[in-house]
Amino acid sequence: MIKKIIRSIIIITAFIGMQRSALAQIQKVIVKVEFKSDNSYEFSYEKDVPGNYTLAIILKNLKNAYNPHFKEVISNNQGSLFSLTPIDSKKRITFSYNYSYIQGIINPKVNKEFTYLLPFQKGKEIKVHDVKNLANAILDKSLPENWKMYQFEGYYLDSIFASRKGVVINIIDNNTSDLEAYYSGKKNSITIEHLDGSFANYSGFQKNSILVKEGQTVYPSTFLGLVNQSNKDHLNSLIFSVYYLVNDEPNRKYRNSSFKYVKRTSYINPYFFTSKGVEQLLQFNNYIADFNKELILREFTRREKKQLKKNQIKI
């Protein structure tokens, strides 16, 4: 979801603070502007949600300062952005500004050959189905470019585990299990952002079974929650996809801050580690979940490896 805020800079800084306070309750990212005694302005931000966000700030009617043309990825909960320094130190800077943000990194350098774990216990057998986009299935419209979404199906599937290290950025856990609604679109889910800027979505949890929290770092084989018991024959399923943000017209350099050129996501057809080795999954084929220590540790930092040895990290 793209958010946009437009605010005019008034010389009275108290008014800026009042504007910020009024919007703080509804915005995930807040840009703050502080007037300094040397007639400069300091831009900073606060972010109360986990994960990376791309932030663009557009300055309009700027006088007595150079335009920084700011567009950057912000990751921390707060931080400095840039300063406006007066060209003529004896005069005030005047301007108006707006800003927009979008969750994620646009056009990240994703590793499309990365090997994922099947999100189940070692030894569990699953059957793979390709999930059709509803627009394609119902409205007969073409699928998004690179569309790839799996339904992993198996008897007595119970636990769901992380396929790759990342940060939990979104949890939906308010949908009640329905034994008859095998293909229901109302599913409890977890979205995880990976180190390379890609996302994985796991959809199909039992309500109140999710044991991770937003902002938490998870690792390959971290227990996430329980599979929704959605079929009386004990044939349960999980929807899984990996994707990233794409800017359709990268040469436009975000001439405005609405991100209107970020029109789609691009899906990845991942490689998975199975009992037969590393392979891309084929529809209607059966696979057995497997993993090894090397796969678990490959994205661990040195500190995390030490924490794992001391049982400070559990997987």
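Biologist: Buried means under 20% relative accessible area. What percentage of the 315 residues in the protein do buried residues make up?

Modeller: This is a predicted model. Its secondary structure comes to four helices and 21 strands. Of the 315 residues, the buried share is 48%.

Biologist: What is the mean pLDDT of the protein, and over which residues is the pLDDT below 50?

Modeller: The mean pLDDT is 84, and 79% of the residues reach 70 or more.

Biologist: How many residues apart in sequence are the parts that the pair of Tyr150 and Phe272 ties together?

Modeller: The rings of Tyr150 and Phe272 form an edge-to-face pair, 5.9 Å centre to centre with 80 degrees between the planes. Tyr150 lies in strand β10 and Phe272 in strand β19, so the pair ties together parts of the chain whose separation in sequence is 122 residues.

Biologist: Are Tyr150 and Phe272 buried or exposed?

Modeller: The cut-off for buried is under 20% relative accessible area. Tyr150 has 1% relative accessibility, and Phe272 has 0%. Tyr150 therefore counts as buried, and Phe272 likewise counts as buried.

Biologist: Over the ring of which residue does the charged end of Arg164 sit?

Modeller: The charged end of Lys122 sits over the ring of Phe291, 5.2 Å from its centre. For Arg164, the distance from the charged end to the ring centre is 3.6 Å. The ring under Arg164 belongs to Phe114.

Terms used: Residues are numbered from 1 along each chain as its sequence is written. This is a predicted model: local features need pLDDT of at least 70, side-chain atom pairs count only at pLDDT 80 or more; totals for chains, interfaces and linings use all residues. Side-chain values use heavy atoms; hydrogens and water are left out. Helices (H or I, at least four residues) and strands (E, at least two) are DSSP runs, numbered from the N terminus. Buried means under 20% relative accessible area, exposed over 50%, partly exposed in between (1.4 Å probe, protein chains only). pLDDT is the predictor's confidence in each residue, from 0 to 100. Rings of Phe, Tyr and Trp (its six-membered ring) pair if their centres lie within 6.5 Å; planes under 30 degrees apart count as stacked, over 60 as edge-to-face and the rest as tilted. A charge sits over a ring if NZ of Lys or CZ of Arg is within 6 Å of the ring centre and within 35 degrees of the ring normal.
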